[in-house]
Amino acid sequence: MNCVDIVDLSSDDELGEVDVKPVKLEPRAVGSTIKQQNNYRVQPVELLKSKTQPRKQASEENKSSNNALSTGQSSTSVLEQGQSPGDDTSVSSMSAVSPAPICRQFWKAGSYEGGLGSKVKLQTDSKNYLHVHPLFLHSNATSHKWAFGAIAELLDNAIDEIQNGATFVIVDKTSNPRDGSLALLIQDDGGGMDPEAMRRCMSFGFSDKKSKSAIGQYGNGFKTSSMRLGADVIVFSRHLDDRSLTQSIGLLSYSFLTRTGHDRIVVPMVDYELNMSSGTLDMLPGREHFASNLSILLQWSPYSTEAELLKQFDDLGSHGTKIIIYNLWLNNDGNSELDFDSDPKDICISGDTKKVDRIPSWKAVNEQHIANRFHHSLCVYLSILYLRIPETFRIILRGEIVEHHNIADDLKYIEYILYKPQSGGSVEGAVVSTIGFLKEAPHVNIHGFCVYHKNRLILPFWQVVSYLNNRGRGVVGVLEANFVEPTHNKQDFERTSLFQKLEGRLKEMTWEYWDYHCGLIGYQVLKKSRPPASHVLSHFTGQGSVQQPVGLNQTSMAADRAKAGHVDVGAVQSITISHGRCMQGLPMKRKEPGDLAKLEKVKCQEGTCGNTFLQHVNQETINLMQENKKLRAKCLEYEKRGEELSIKVEELRNEVGEVHREYERLLAELKSLDVMKDEKDVNM
């Protein structure tokens with residue numbers, strides 16, 4: 001049987017007769033700031049007009065719908081993958097079972113024992129279509145185990161709109177005017193969606209993002225993320241092009257679908273177009289189900305009148321999108337999963353503060369580190385969510401601009417390592433990993449790699465090794481791996497052979513870096529220090545000072561690489577590292593076909609001199625490291641002396657203050673004695 005999943009749009013056929021009256025809008029309903037690209041000002045909207053015959057037509061349609069429902073048939077507008085709207089004949093049949101109440105806890109909301117979920121009947125029409133049941137909205141959203149991951153999905157859409165002129169995205173709380181409950185607001189000033197784009201957004205599997213740099217690609221993120229955060233979401237979008245300005249409103253409501261007993265997903269939408277000649281908003285032609293869709297919106301959305309709905313466009317400007325997620329899910333304690341109260345400038349996850357069981361003196365450092373705080377603080381998570389953010393774009397959380405944070409800036413003793421993954425004998429690309437110790441090492445029990453894909457953080461502080469005896473402690477890396485594909489929820493990668501190779505290589509990097517550099521943070525060195533290999537560039541940075549990489553002569557480097565099995569591979573490349581740094585002259589690690597012959601030639605040329613060169617290199621390296629230690633010790637002495645001098649200065653200031661106060665006291669006493677002397681002279 002050929003099964004095609006469809007998402008239906010509700011129609012007048014479903015609710016009976018409704019009466020929608022034209023509403024006079026406030027002068028700012030569309031706004032006098034909206035301009036045509038012909039550079040003339042559009043007049044404010046005064047009256048909402050209908051280009052159809054809503055009263056008589058709606059009544060006739062509703063009469064026919066009642067007959068259709070009694071026989072299990074209805075004529076309605078259908079949004080279908082690859083099918084025309086007229087191809088379906090039974091779209092919105094109502095379930096006979098009583099609607100079950102929605103559980104406000106997300107992980108229990110899809111369980112209906114003895115209710116809707118247990119009595120689902122799949123109905124097929126003459127064309128053997130299977131429809132998507134509302135419970136799929138919940139099961140589809142379970143791919144997001146973490147609420148912040150769902151919020152990130154919605155922000156990805158705003159980031160993708162930068163190419164269409166977006167300059168900001170707002171994440172904030174708002175309220176549901178019906179009951180005063182809190183709701184989540186996400187708004188951007190991107191290009192917005194025209195009616196067809198809105199329908200694709202509300203459908204499953206449609207994606208218009210063809211750019212290779214676009215983060216979204218599956219056409220499923222909006223549905224999974226919004227339904228993970230709350231039971232209902234309403235979307236407002238305004239789109240302006242050369243021909244027209246449109247406003248669309250769509251409602252994806254789990255509450256509506258389950259409580260009314262629908263056996264398939266129905267998405268009510270209404271669309272308006274600005275009449276440039278009269279300055280009024282008109283219903284788009286051909287939207288014969290406008291009346292019933294608007295009726296559902298007014299009944300199940302946070303806004304009870306059409307004027308209130310249209311008022312939500314006031315702050316969208318000439319283009320943009322506003323998403324309001326309401327009936328937010330609760331945690332097991334009955335509190336909102338998203339905590340808006342603990343920090344007025346942040347959104348937290350209730351009760352998710354990560355406690356660290358460490359040495360008391362190190363506990364605060366670990367708990368306050370970004371690697372632990374991003375789990376429960378949205379502000380911290382958003383600061384590292386994207387590897388690069390244009391200077392013209394802002395993420396605004398609770399009215400405050402989120403400051404972008406580059407994790408590579410938190411590292412010391414940095415090395416840049418080139419990795420060129422191969423699949424089927426062909427190179428998939430070049431990846432430069434930035435690796436180093438956290439500046440707080442060894443006081444922090446944190447390690448792992450932050451792996452980005454197309455600028456988006458997928459795996460934060462991914463622990464590729466499980467260390468024993470502290471091997472790997474404090475080692476953190478940053479890289480952008482565009483050659484592997486993320487999972488649908490963008491919280492992990494698909495477990496392909498390329499990903500497994502990447503995991504193995506990062507594990508090798510961690511252990512190799514630790515073995516050679518652990519002495520820099522006070523641990524016993526397991527392996528003798530070696531000069532930078534052909535695939536590694538060092539850029540050691542200490543606390544408050546910069547130490548230049550150890551420089552070795554070319555002859556010594558050649559001898560060392562010959563002994564270690566590495567040789568120069570072709571011309572030196574110039575690779576721009578996306579972590580905010582540009583390194584020139586980074587050769588490739590992997591050997592080319594002619595490398596073995598070159599290696600033998602190098603060995604023959606070096607002969608017995610190789611050992612001498614190596615001994616010279618090792619001795620020079622040891623001398624430089626000892627000199628570096630001496631210089632660091634002197635720096636520490638100077639810092640300590642500086643602190644002592646600062647304390648001395650403070651003590652002297654206190655003494656000067658005491659002397660000054662004593663002077664003021666004595667001066668006052670002298671003045672009083674002068675007064676007494678004058679009085680005595682007068683009396684005499």
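The legends below describe close-up views of a predicted model.

**View 1. The largest nonpolar core of the predicted model, with Leu 184 and Tyr 381 as its residues with the most contacts inside it.** This core comprises 105 residues, and helix 3, which spans residues 147-160, gives the most to it, with 9 residues. Apart from this core lies another, made up of 29 residues, including Phe 449, Ala 481, Leu 506 and Tyr 513. In soluble globular proteins, nonpolar side chains tend to be buried together.

**View 2. The surroundings of Leu 184.**

**View 3. The stacked aromatic pair of Trp 462 and Phe 499.** A search of the whole structure finds 16 aromatic pairs, and in this one the ring centres lie 5.2 Å apart with the planes at 20°, so that the pair counts as stacked, the limit for stacking being under 30 degrees. Because Trp 462 belongs to strand 19 (residues 456-462) and Phe 499 to helix 12 (residues 497-517), the pair ties together parts that are 37 residues apart in sequence. Trp 462 counts as buried at 12% relative accessibility, and Phe 499 is likewise buried, with a relative accessible area of 0%.

**View 4. A cluster of aromatic rings that includes Tyr 381.** Ring pairs link Tyr 381 with Trp 146, Phe 148, Phe 374 and Phe 461 into a cluster, and Tyr 381 is also one of the residues with the most contacts inside the largest nonpolar core.

How values were computed:
Residues numbered from 1 in each chain as written. Predicted model: local features only at pLDDT ≥ 70, side-chain atom pairs only at ≥ 80, totals over all residues. Heavy atoms only, no water. Core = buried A, V, L, I, M, F, W, Y, C linked by side-chain atoms within 4.5 Å. Buried < 20%, exposed > 50% of the residue type's maximum accessible area, 1.4 Å probe, protein only. Helix = DSSP H or I, 4+ residues; strand = E, 2+ residues; numbered from the N terminus. Contact = heavy atoms within 4.5 Å. Phe/Tyr/Trp six-rings, centres within 6.5 Å; stacked < 30°, edge-to-face > 60°. Lists of a residue's contacts leave out its neighbours within four places in sequence.
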